[in-house]
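Hi there,

Here is the structure I promised to pass on to you. Have a look at it first, and then read on for what turned up in it.

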Amino acid sequence: NSFIFKKHPLSNFVSEWMTNMLLDYVKNEESPTSLLHLSFRFLYIISKVRGFKIFMHVLPHEVADLQPVLDLLSRQDPTDPESWETRYILLLWLSMTCLIPFDLSRLDGNLKSDGGEDKEPVMDQILNMAKSYMVVSDTPRNAASVLVSKFMTRPDVKKKHLKDFFDWSYTLIGQTSEESLKDVMVLDGVLQALAKIFKHGKREDLLQYAPVVLSKIEQKNLLQSSQAMLRKLSIKLIQRLGLTFLKPRLASWRYQRGSRSLAANLSKSQSSVTDAVTTHMDTEGQEEEDYDIPEEVESVIEYLLVGLKDRETIVRWSAAKGMGRLTGRLPKELADEVVGSMLDCFSFQETDNAWHGGCLALAELGRRGLLLPSRLNDVVPLIIKSLTYEEKRGACSVGSNVRDAACYVCWSFARAYEPKELTPFVTQIASALLVTAVFDRSVNCRRAGSAAFQENVGRQGTFPHGIDIVTTADYYAVGNLNNCYLNISVYIASFPEYTTAMIDHLVAMKINHWDSAIRELASEALHNLTPQAPDYMATTVLPKLLSMAVGMDLQSRHGAILACAEVTHALYKLGLQTNSGYVLNLKKYICILFLLRGFGGELMRPAVCRLIEKLSLSKMPFKNDPVITDWQLFIDDTIHTLHLHSDCTDHVSLQAAVIGALSALCEEFYQTESGKADEQIQDALVSQYIEGLSSPQMLTRCGSALALGCLPRFMIHGKLKQVLEGLHQMCIVSQKEAGFTEARRDAVSAVSQVCLTAGVSPGGSPDSALCAENIAKVYDMLLENINDYTTDSRGDVGAWVREAAMSSLKVVTVLVATAAPQMLSPEQVGCMMCCLAQQAAEKIDRYRAHAGNIFLGLLHSTEPAVPHIPHKEELETSASLNWKAPSQSFQHISQLLGLQQYLYHTLLGLTVSVGGITESTVHFSSQSLFEYMKGIQEDAVALTQFGDTLLSIFRDNLHNDRVNIPFLKMLNQMLTNGCFEIFTKQEDHPFCVNILNLCKEFKKSRDVSKLRSCVFCGLIQFQGGVRRTVLSQLLILLCHGFPVIRKTTASQMYEMLLTYDDVIDPEVMDDVVTLLGDTNWWSDLTTLRPHRNQLCDWMGVPRPHTVAKVSI
């Protein structure tokens, strides 16, 4: 399928050797059946890629090929679903060989067989074969229709069998019913065959049958069939009948454009082009041949017009092509009436199907020169409407196919008419095509509009600034919707011919669009287009938007409010540059919006917040105006009711909108002339948002935290200590409750924003700036949250907090290092870098990459340089690394294990990765860890230090399942790989003893995964009394209450004894191994205890005793 649209490069291969090579296998009588079918399967693939019409001509079609092909086809089983490609190719092959220029009766020879029975003539064999395959339900049916069309139009066959074939077809049409799938397939085959016969046959032979066939279709009412393919074939057959009724002729009245060279339009002047091309022939002085138009033609045209309105595209497309073919054989007057009937499809009472069919038909007429220039005055306005056609259906709309077809019409007009014919419509067509190419929601329509505009630029040469625009708005550029709205539109609007058209289209069609994303993009596009026509925006567009903003339609109000916000802000910025008073003159209009009520809802609240933000940024003269109080109340209400107006998919955008509005509002309207905050408002807002941090609603906490983070500097001056304390307390309380994870994330982000806003002052007050007194508290808070591993039903949600904490640490560190690096203590920086190293060694790719990039960013930072980074000179100097790729990141992060200060945290992070479940992460992290261990095998001090760190991690996280289970898995791998071989040579090494003592804590655990991860078998390699203790623990687990633990322990002991042959006496080794392997450890404990006790005796380990429970 991938080569269907790349067929031409394969044509040489098809014609030269591929087909012939495959046919050699077919012609070889010794070829097995499987090879035969495989050859035909490849031949079918070639025919599908190249198209069967071209492929047929490659097949050999000598007289000698006819009988072998017929015989091979007769041996096929029509019901075999595995060999349908064979039957398909043989039918195509037969349709070529049956065209031999000899009477088929010459091939019959002696019709008497050896047994005295009459042989069937070749002609009858082919006909019967074709009929049998016309009614099958698979693909060979299509090839059978091709065979019928070629065969029945032979001179010798049509004399004998054509009438009978039509009678047989009438019978099948009358007997079939749409209720049966088998009958539908029969109808499909018959209609295909009849359509192809009327296509390839001679008019004089078929004219007598055409009325009867038409009446049969009318009686069957096939145009109302529920099957789209039957309706399409009916339209196809009807148009062929119409062409049969009319004499073949080339309309002398058609419009002709003699030269179609692009070079002629680009290099020659208009006068020379006019001389070079042939204008349409004036038929006034030429008399057309008079002939009667059969009555059936009117019915055919009516059916085709109905087909143009069909609900399926394939039917409309077939009807459009039929209208083009049929109109070319009509006199000028009748053809003009047909065009008028087509134009009726463009009524707003019609559906999008009719509009689409009408566009396709007009394109066909234009392409064939059958749409005369005199009709362009009627046609062009309809095409302009079609280019922006969109009809709302429920929550979406239809019409993209109409717009695409309208682009096709414009494309065909560019090739059909001389420039002088389209000159009066250049501005309309060019503007409409550019609007479609830039602003259409469908990428296919944008690309179609771009292609049609490019064709007009090349063929017509009259489109203003065509070459410049085509270079910018090409096929690939218009593929990105944001780029179209925000960049390409600005470039095109810089040409005065298109500015107003683009702005008007956005206001009329896109501001009220059903898709909210399009409305938002349209408002941003209006912002960018405002500098191109500021007066038009201020005097015409903005009043229109204000009237839409107070309308009844919700979508129009939403888009209009967004557009008002963006245009107002753009006019303000333009006014600063030109010293004009656009914004001041808008106050009376803007105030109207805030007389409204009912701005609730998740759709309107972000829009109103955007309006508040933009009006504040535009410095509207509302200082001390009551409307400011309304704005603040609206913002506060939105923050406290976030949970009512947004769900989990869009609350981020609503939060961003309300926080942006609050920040801009405070910055513009709450600052006194002295540069300080209004104390009453400051106290009210800060207290209110700190109180919101303890709200029972999670989104209210999020909004309050972000609100505190966005306050300008004068608003938090004197309140910094209170703000930081409130954020800290919220993090502590919510973490203890294991809830409100998103609120902690936003609070941690707010800490860095507050510090960034307040600034750094080493000797300043802790209530006003980040200083020596409060920096330790800020770092403690962030470092606490970098170890947030909260989990819930969504998974590791604490990762959101860790990510925010890492980002905030970077912001605060860079801020302090820039302003007062002496405030950073070695302990703070060292702890921060160790925590970042731990996160950079963990298992989740996204957060590992985030931590690694921050780690390297701080390490290599020069402006400012971060002081007191541990082992800075010894760390890797490469600043570029793909931390998301485990194959790259772990080999670098494992190098930190050799640095004392990073060892604990790095090993803790690696523990989670090596003992994880993601295959790639486990593989590369363990590989890097083992490579490091291999390098320190000869260094007893380093290995001892590593072992002590392992014990510390295990001891610190003994009751933390997030760490201890991966730790046991990692330790098991390390023991298996002999990473502690030096320790095994010393009897009762402290490392082994401590591990064993810590593992005993799990023997009463009910967690299966924890029990299965215990490393008792790996510890058996250690010498001394510890080995006896390990065996005792393993034998206890053989009679554990969980069958899966018993089975796992037995399997591991079996492998352990085969690996370490010095564990038990060799004389009992075979007995022990046999008992471990043959015992059914899923049995009940009563049955298993004797076996376990036997193993104890053989191994010299005391038998475990059951401890009776003491009842109190």
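This is a predicted model: local features need pLDDT of at least 70, side-chain atom pairs count only at pLDDT 80 or more; totals for chains, interfaces and linings use all residues.

Now step back into the helix itself. α48 is built from 16 residues and spans 22 Å from its first C-alpha to its last, close to the 22 Å expected at 1.5 Å a residue. Which residues of α48 are buried? They are Val963, Asn964, Ile965, Pro966, Phe967, Leu968, Met970, Leu971, Met974 and Leu975. The cover over these buried residues includes α45 (900–914), α46 (919–935), α47, α50 (990–999) and α51 (1008–1012).

One of those covering helices, α47, is worth a look of its own. The axes of α47 (residues 940–956) and α48 (residues 961–976) come within 10 Å and cross at roughly 150°. Angles over 145 degrees count as roughly antiparallel, and α47 and α48 are therefore roughly antiparallel to each other. Their crossing is left-handed. On the α47 side, the contact is made by Phe946, Leu950, Ile953 and Phe954, while α48 brings Val963, Asn964, Phe967, Leu968, Met970, Leu971 and Met974. Sorted by class, this contact of α47 with α48 holds ten nonpolar residues, one polar residue and no charged ones.

Next come some backbone details. Most residues other than glycine have a negative phi, and most peptide bonds are trans.

- Lys619 has a phi near 55°, a positive value in a residue other than glycine. Lys619 sits in the loop between α31 (604–617) and α32 (626–640).
- You will find His871 in the loop between α43 and α44. With a relative accessible area of 24%, His871 is partly exposed.
- The peptide bond from Glu863 to Pro864 is cis, with omega near 5°. Pro864 lies in the loop between α43 (845–860) and α44 (886–893).

Enjoy exploring, and do write back with any questions!

Best wishes

Terms used
Residues are numbered from 1 along each chain as its sequence is written. Side-chain values use heavy atoms; hydrogens and water are left out. Helices (H or I, at least four residues) and strands (E, at least two) are DSSP runs, numbered from the N terminus. Buried means under 20% relative accessible area, exposed over 50%, partly exposed in between (1.4 Å probe, protein chains only). Axes are lines fitted to C-alpha atoms, for helices over the stretch in contact, and angles run from 0 to 180 degrees between N-to-C directions. Angles under 35 degrees count as roughly parallel, over 145 as roughly antiparallel, 65 to 115 as roughly perpendicular and the rest as oblique. A crossing is left-handed if the near helix is turned anticlockwise from the far one by less than a right angle, and right-handed if clockwise. Contact means heavy atoms within 4.5 Å. Ala, Val, Leu, Ile, Met, Phe, Trp, Tyr, Cys and Pro count as nonpolar, Asp, Glu, Lys and Arg as charged, and the others, Gly among them, as polar. The expected span of a helix is 1.5 Å times one less than its number of residues.
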